[in-house]
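This briefing reviews a single protein chain. Please keep the sequence and the three-dimensional model in view while reading.

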Amino acid sequence: SGSSDPYCVVKVDNEVVARTATVWKSLNPFWGEEFTLRLPCGFRSLTVYVLDEDIIGQDDVIGKVSLGHQQISAEPRAGVDSWLSLAPVNPNEEVQGEIHLELCVPEQGHPRVLRCHLIEARDLAPRDPSGTSDPFARVSCCGHTLDTAVVKKTRFPHWDEVLELELPEGEAVLSVEVWDWDIVGKNDFLGRVEFPLDTVSTDPPRGWFQLLPLPSTRQDHGGQLGALRLAVRLVEDTVLPPHHYQPLIQLLTKPVLRPDQPPDGTALAILEEVTSGESRQDVATKLVKIFLGQGLAVPLLDYLTTRELARTTDPNTLFRSNSLASKSMEQFMKAVGLPYLHEVLRPVVTRVIEEKKYVELDPGKMELSRGRRISFKGSLSEAQVRDSSLELLRGYLEDMVAAIVGSAERCPLPMRVAFQQLRRRARERFPLAQHE
């Protein structure tokens, strides 16, 4: 049709961690999806693959964008936010998995021999149509090469073989590679790991080692495969043992625990004054987490909203500013109320998605041919599509409102207490009947 059905897969060090939805029949897809990933401290790279979904056969890989740890962390605040050209995908660079081995050099004997015990490998890349591989390991040093046996149809081979190579004089590198054996054509590369021999005698490597790709020979294709707009930000937190934070927690909680103190000189009051609008969201998130941990989230909100009410002269503008009170209430609702939100609305949202009904009220965007999903009599008129869409939309919204209204008893108790206090404080500040 001259188009694609693109979607993205996100990998961290060759482990799939996220997938976007598919955008059908488009060469200019918009996803607008956001993922928050918890990454290991020593991760090396984040890669986004763009693929074309096919109903029959394997999906086609269009290209990829790879970002190294150093590249992402170069700008801690801004991160990476730009159009990045897609690069072609070379199978020799698409490796994954680990190999378990032990190297040693016996003290006895001449010439000296390097013993390489190849135990097993795990999570290797599938190279065969069956979704598996036929892996074997190859040990190479200074032109000498030895192979293990081939283990058929697995991504978790167990060899338990010892290969011995004569240890050369001077500097050299031992290469351990894993390959997929093919009866026809070339074997497929599955990954490798290298060891400088000058360190093997003093500190013999043993354990699991990440398989790495061959050195890249890829050239810049100048955007011929298209480009991907990415915004990536890495947040790295160093967390100390709990006792280090006790003085700070005591300082922050003091005005909440002792409301009789003068309000303007407290740590919370100063914190609100010195934070900018951009950082207030982060400050509110951290504050709510700290006070939730201390069992004081509701008193915190009461303290902040009381201060906000005292500063407000027009009740029509109440809680509309980008204040610490507003942001803290928002973060509190996310932390405490998210499971409740999912419990109440998930059944309705899931039904909307599964029914896949065509709903469109904008005449400029209507596709009348899709009306066949509504009627088997052919395309419908614009008025018929509008009426059908309106009826479906009303039904969905009525179900959502009914689910919300009927869920009062399931609303988390801390949220109910927080809003009860908020209502009482607002009534005290604006007691006139016209403000009810």
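The model is predicted: local features need pLDDT of at least 70, side-chain atom pairs count only at pLDDT 80 or more, and totals for chains, interfaces and linings use all residues. Residues are numbered from 1 along each chain as its sequence is written, and side-chain values use heavy atoms, with hydrogens and water left out.

**Domains and annotation**

- Domain 1 comprises 6-89 + 223-232, domain 2 comprises 98-210, and domain 3 comprises 243-368 + 380-429; these bounds come from an automatic or database domain assignment.
- Between domain 2 and domain 3, the C-alpha centres are separated by 56 Å.
- According to the UniProt record, an unreviewed entry, the annotation "domain: C2" covers residues 1-84 and 95-209; its positions are given in the numbering used here, its feature name is shortened, and such annotations may be inferred rather than shown by experiment.
- Residues 1-84 are 6% helix and 40% strand, with 26 Å between the end C-alpha atoms. Helices (H or I, at least four residues) and strands (E, at least two) are DSSP runs, numbered from the N terminus.

**Salt bridges**

- The whole structure contains 21 salt bridges, each defined as a side-chain nitrogen of Lys or Arg within 4 Å of a carboxyl oxygen of Asp or Glu.
- One of them joins the side chains of Arg-122 and Glu-98, at 2.8 Å from N to O. Arg-122 belongs to strand S7 (residues 113-122) and Glu-98 to strand S6 (residues 98-104), so this pair ties together parts that are 24 residues apart in sequence.
- Both partners are partly exposed, Arg-122 at 31% relative accessibility and Glu-98 at 22%. In this scheme, buried means under 20% relative accessible area, exposed over 50%, and partly exposed in between (1.4 Å probe, protein chains only).
- Glu-330 pairs with Lys-327, their closest N and O atoms lying 4.0 Å apart. These residues are three positions apart in helix H6 (residues 324-355), a separation of about one helical turn. Glu-330 is partly exposed at 31%, whereas Lys-327 is buried at 18%.
- Arg-425 and Glu-428 form a salt bridge with 3.6 Å between the closest N and O atoms. About one helical turn separates the two, which are three residues apart in helix H8 (residues 413-429). Arg-425 is partly exposed, at 24% relative accessible area.
- A network of salt bridges links Glu-272, Arg-307, Glu-308 and Arg-311.

**Nonpolar surface patch**

- Val-150, Trp-181, Ile-183 and Val-184 make up a nonpolar surface patch with about 410 Å² of accessible area together. Patches consist of residues with over 30% relative accessible area and no salt bridge, like charges being joined within 9 Å and nonpolar side chains (Val, Leu, Ile, Met, Phe, Trp, Tyr) within 5 Å. Accessible areas come from the Shrake-Rupley method with a 1.4 Å probe; for residues, only the protein chains shown count as cover.
- Ile-183 sits in the loop between strand S11 (173-180) and strand S12 (188-196), and it is exposed at 73% relative accessible area.

**Cysteines**

- The structure holds zero disulfides, a disulfide being a pair of cysteine sulfur atoms within 2.5 Å.
- Cys-8 is buried at 3% relative accessible area, and Cys-411 is buried at 14%.

**A buried serine**

- Ser-389, in helix H7 (residues 382-405), is buried at 0% relative accessibility.
- Ser-389 and Leu-361 are 28 residues apart in sequence, while their C-alpha atoms are 6.6 Å apart in space.
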